[in-house]
Amino acid sequence: MAKHFLKVTCKDCGSEATIYSRATTTVACSVCGATLSIPSGGKANLVGCTVVEALE
Ligand SMILES: [Zn+2]
């Protein structure tokens, strides 16, 4: 089953965020403003965060 949401932690400040795995916009950390994910070919490309777990 495809996982649609990813729980991630920001590499800069360690705060948790939930990112849609097919996000089509750049996602920034709500705490420090670091870029967490950029869109790439219909999928989110995680650039500034580490995946904690995939959510249904
Ligand atoms: Zn952050």
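These are my notebook entries on a predicted model of one chain.

**Ground rules.** I number residues from 1 along each chain as its sequence is written. Since the model is predicted, local features need pLDDT of at least 70 and side-chain atom pairs count only at pLDDT 80 or more, while totals for chains, interfaces and linings use all residues.

**Overall fold.** I looked up the secondary structure and found 0 helices and 6 strands. Helices (H or I, at least four residues) and strands (E, at least two) are DSSP runs, numbered from the N terminus. Along the sequence I read β-β-β-β-β-β. The radius of gyration is 10 Å, close to the 10 Å of the globule rule for 56 residues, so the chain is as compact as a globular protein of that length. That radius is taken over C-alpha atoms, and the rule is 2.2 Å times the number of residues to the power 0.38. I also noted the box that the C-alpha atoms fill, roughly 30 × 20 × 15 Å along the principal axes.

I then turned to β1 and β2 (residues 16–20), which run antiparallel and are joined by 5 bridges. Strands pair here if DSSP finds at least two bridges between them. I found Thr-18 in β2 as the bridge partner of Lys-7. This hairpin has 5 residues between its strands, and Gly-14 takes a positive phi near 80 degrees.

**Core.** Buried residues make up 20% of the 56 in the chain. My cut-offs, with C-beta atoms placed from the backbone, are 20 or more other C-beta atoms within 10 Å for buried, 12 or fewer for exposed, and partly exposed in between. The largest nonpolar core has 10 residues, among them Leu-6, Val-8, Leu-36 and Cys-49. β1 (5–10) and β5 (43–46) each supply at least two of its residues, and β1 gives the largest share, 3 residues. Such a core is a set of buried Ala, Val, Leu, Ile, Met, Phe, Trp, Tyr and Cys residues joined through C-beta atoms within 7 Å. I checked the neighbours of Leu-36 beyond four places in sequence, and they include Val-8, Ile-19, Val-27 and Leu-46. Contact means C-beta atoms, placed from the backbone, within 7 Å.

**Ser-37.** Next I looked up Ser-37, found in strand β4 (residues 35–40). Ser-37 is buried, because 24 other C-beta atoms lie within 10 Å. Beyond four places in sequence, Ser-37 touches residues including Ile-19, Ala-23, Ala-44 and Cys-49. I also noted Tyr-20, 17 residues from Ser-37 in sequence and 9.6 Å away, C-alpha to C-alpha.

Methods: Contact = placed C-beta atoms within 7 Å.
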